[in-house]
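Come along and follow on the screen.

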Amino acid sequence: YSDSRYAYQGATLTDYGTLDDPLEFVRGIHEPWTRPPDLTIYLDVSPATGAERAGTTNKFEQTEYLRAVAENYERLIEDQPDRFVRIDAERPPNAVLRDVIDVVRDRL
């Protein structure tokens, strides 16, 4: 969950405007106590699709917020591209599931 923590908390702190780089701030706080994942499967959807799937009652999963989260994920992927596998999650659920299973099988 470390990548998710970094991406989401970094996006949340962006709204406060007091940190030069909220993502790096969050990483710096947590990294001494966090074991880096061996693999991160990034289910890639547009911020609009993510917000739509979250529903109108979810106060956090709004399009603009998810845009900032996606930008943070892109930075994380850029920093460690070999650890991330991007899966197009705009496709039907069964296609996404097949890809996830294939990735996990390949890595085991």
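**Entry 1: the model.** I noted at the start that this is a predicted model.

**Entry 2: the largest pocket.** I looked up its volume and found about 350 Å³. How many residues line the largest pocket? I found 21 lining residues, and the ones nearest the centre are Y8, Y42, L43, V69 and Y73.

**Entry 3: where the lining comes from.** I then asked which elements give two or more residues to this lining. They are α1 (2-14), β1 (40-44), α3 (47-54) and α4 (63-79). The strand β1 gives the most, with five residues.

**Entry 4: the kinds of residue.** I sorted the lining by class and wrote down 13 nonpolar, five polar and three charged residues.

**Entry 5: the largest nonpolar core.** A reminder from class: in soluble globular proteins, nonpolar side chains tend to be buried together. Here the largest nonpolar core has 14 residues. Which residues have the most contacts inside it? I found V69, Y73 and L76. At least two core residues come from each of α1, α2 (22-30) and α4, and α4 supplies the largest share, six residues.

**Entry 6: a closer look at V69.** I set aside the neighbours within four places in sequence and checked what V69 touches. V69 is then in contact with A7, Y8 and A11.

**Entry 7: another core.** I also found a second, separate core of five residues. Among them are V85, I87, A89 and V96.

Conventions
Residues are numbered from 1 along each chain as its sequence is written. This is a predicted model: local features need pLDDT of at least 70, side-chain atom pairs count only at pLDDT 80 or more; totals for chains, interfaces and linings use all residues. Side-chain values use heavy atoms; hydrogens and water are left out. On a 1 Å grid over the protein atoms alone, a cavity is a set of points where a 1.4 Å probe fits but cannot get out, and a pocket is an open set with protein on both sides within 12 Å along at least five of seven lines; lining residues have an atom within 4 Å of a point. Grid points are joined across faces, edges and corners, and a volume is the space filled by probe spheres set on the points. Helices (H or I, at least four residues) and strands (E, at least two) are DSSP runs, numbered from the N terminus. Ala, Val, Leu, Ile, Met, Phe, Trp, Tyr, Cys and Pro count as nonpolar, Asp, Glu, Lys and Arg as charged, and the others, Gly among them, as polar. A nonpolar core is a set of buried Ala, Val, Leu, Ile, Met, Phe, Trp, Tyr and Cys residues joined through side-chain atoms within 4.5 Å. Buried means under 20% relative accessible area, exposed over 50%, partly exposed in between (1.4 Å probe, protein chains only). Contact means heavy atoms within 4.5 Å.
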